[in-house]
Amino acid sequence: EYNLETIPGIGPKAKERFAENGIHNSFQLLAKFLSMKQTDGDDCVAHCTQFYNWLGEIKLNTNRHSITKSVAEKLSISFPNLYQESQFDEMVTEC
């Protein structure tokens, strides 16, 4: 399903916030996450932190961790080594 609300942590208000920032479906959100991977050297913490911070920049302050984790987990199926849960847990304690 392409609806943003199928991603855990995204409800009607978050969906509105994404639409205000040009994100209208889950494919666009996943692409946004992938676009933040700057170099092969970026580890999970750097990559997820950049996405997490972008969520804050668009004034999405609720469920940022769960949205970041959900998106990273979804993409890790197609992109092995993109996401490691143990590294994500480090990010959670840093933010």
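Predicted model: local features only at pLDDT ≥ 70, side-chain atom pairs only at ≥ 80, totals over all residues.
Local features are kept only at pLDDT of at least 70 and side-chain atom pairs only at pLDDT 80 or more, while totals for chains, interfaces and linings use all residues. Residues are numbered from 1 along each chain as its sequence is written, and side-chain values use heavy atoms, leaving out hydrogens and water.

**View 1. Meet helix H3, residues 44–57.** Helices here are DSSP runs of H or I with at least four residues, numbered from the N terminus. H3 has 14 residues and spans 20 Å from first C-alpha to last, close to the expected 20 Å (1.5 Å times one less than the number of residues). After the helix comes Lys-59, with a positive phi near 70°.

**View 2. H3 is mostly under cover.** Ten of the 14 residues are buried, that is, under 20% relative accessible area with a 1.4 Å probe, protein chains only. Among them are Cys-44, His-47, Tyr-52 and Gly-56. Phe-51, at 0% relative accessibility, makes the list, and so does Trp-54 at 10%.

View 3. The structure holds four aromatic pairs. In this one the ring centres are 5.7 Å apart and the planes meet at 35°, so the pair is tilted.

**View 4. Arg-64 sits over Tyr-52.** Its charged end lies 4.0 Å from the ring centre; the cut-offs are CZ of Arg, or NZ of Lys, within 6 Å of the centre and within 35 degrees of the ring normal.

Key. Helix = DSSP H or I, 4+ residues; strand = E, 2+ residues; numbered from the N terminus. Buried < 20%, exposed > 50% of the residue type's maximum accessible area, 1.4 Å probe, protein only. Phe/Tyr/Trp six-rings, centres within 6.5 Å; stacked < 30°, edge-to-face > 60°.
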